[in-house]
Amino acid sequence: MRPPVDKSSDDSLSPRPGLQWRRALAMLLACAVLALLLSFDALYALLQQGLDAARPVIQAYPLWGGVLFVLLSAASALLAFFSSALLVPVAIYSWGRTITIVLLWLGWLLGGACAYGMGRAFGRPLLRNLASARLSDFYLQRLPSHVDLPVALLIQLALPSELPGYLFGLLRVRFRIYLAALALVELPFAVGTVLLGENVIRRQGGWLLVLAALGIGSSLLALYVLHRRLGRGAQGM
């Protein structure tokens, strides 16, 4: 049974939009700093040395290397402070683009499924530890009783990747709806993340910024559409 929530339409619960913009700008700034660092020959040489050192280790243990990469990717879908993007250049350098995309996508699906199960098992206290009370209360009170695939897609695209699984588990959203949204959203993001990793390896800072801007822009657009939709739903209650 879905936990009872107050369907109040009080706008004071709405998350501050400036927070999302600051987060987006911080991510773009991080990518810009990375692109700048890649322009220094000494730092790029260190990156190449690290990739060259990691490649024979992974090639010596291809199965366990793949399992470890999937598990670390799953961890990045569970924990806000951990990102599998740091491992992607090593994976690309060792396995190539296609295998890295598949492993990264599978890891994110596994992590999302675990987050969903933890949300169902531990409920609201767990979500409150992961997100601010303002953010969690807004979605808990505004989401419809039966989340359909379009709304699930918007949530998966708009929110930080570690939150939707816990949220959907807490709200008892049908697992097949959540898994479909997770798979559809994370596949292009896996492709984009691998392309970003390739741009790092190839020292293409301009394309790195373009891809980062596209990903961040799509998330901000989804957030805008989601809040418009939830706002209309609240007015009709």
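## Salt bridges, cores and a helix crossing

Arg 229 is partly exposed, since its relative accessible area is 32%. Keep in mind that this is a predicted model. The partner of Arg 229 in a salt bridge is Asp 148, which is also partly exposed, at 31% relative accessible area. Arg 229 sits in helix α11 and Asp 148 in the loop between α7 and α8, so the pair ties together parts 81 residues apart in sequence.

The structure has 2 salt bridges, and here they are side by side:

| Salt bridge | Closest N and O atoms |
|---|---|
| Arg 229 with Asp 148 | 3.5 Å |
| Arg 97 with Glu 198 | 3.0 Å |

Is Glu 198 buried or exposed? Glu 198 is buried, with a relative accessible area of 8%, while Arg 97 counts as partly exposed at 39%.

Now for the nonpolar side of things. The largest nonpolar core has 34 residues, and Leu 226 is one of those with the most contacts inside it. Helices α5, α10 and α11 are among those that each supply at least two residues of this core. Leu 226 touches residues including Tyr 139, Val 151 and Ile 155.

Finally, the axes of α2 and α10 come within 10 Å and cross at roughly 115°. Tyr 44, Leu 47, Gln 48 and Leu 51 in α2 meet Val 200, Ile 201 and Arg 202 in α10. By class, that contact has 5 nonpolar, 1 polar and 1 charged residues.

Terms used: Residues are numbered from 1 along each chain as its sequence is written. This is a predicted model: local features need pLDDT of at least 70, side-chain atom pairs count only at pLDDT 80 or more; totals for chains, interfaces and linings use all residues. Side-chain values use heavy atoms; hydrogens and water are left out. A nonpolar core is a set of buried Ala, Val, Leu, Ile, Met, Phe, Trp, Tyr and Cys residues joined through side-chain atoms within 4.5 Å. Buried means under 20% relative accessible area, exposed over 50%, partly exposed in between (1.4 Å probe, protein chains only). Helices (H or I, at least four residues) and strands (E, at least two) are DSSP runs, numbered from the N terminus. Contact means heavy atoms within 4.5 Å. Axes are lines fitted to C-alpha atoms, for helices over the stretch in contact, and angles run from 0 to 180 degrees between N-to-C directions. Ala, Val, Leu, Ile, Met, Phe, Trp, Tyr, Cys and Pro count as nonpolar, Asp, Glu, Lys and Arg as charged, and the others, Gly among them, as polar. A salt bridge is a side-chain nitrogen of Lys or Arg within 4 Å of a carboxyl oxygen of Asp or Glu. Lists of a residue's contacts leave out its neighbours within four places in sequence.
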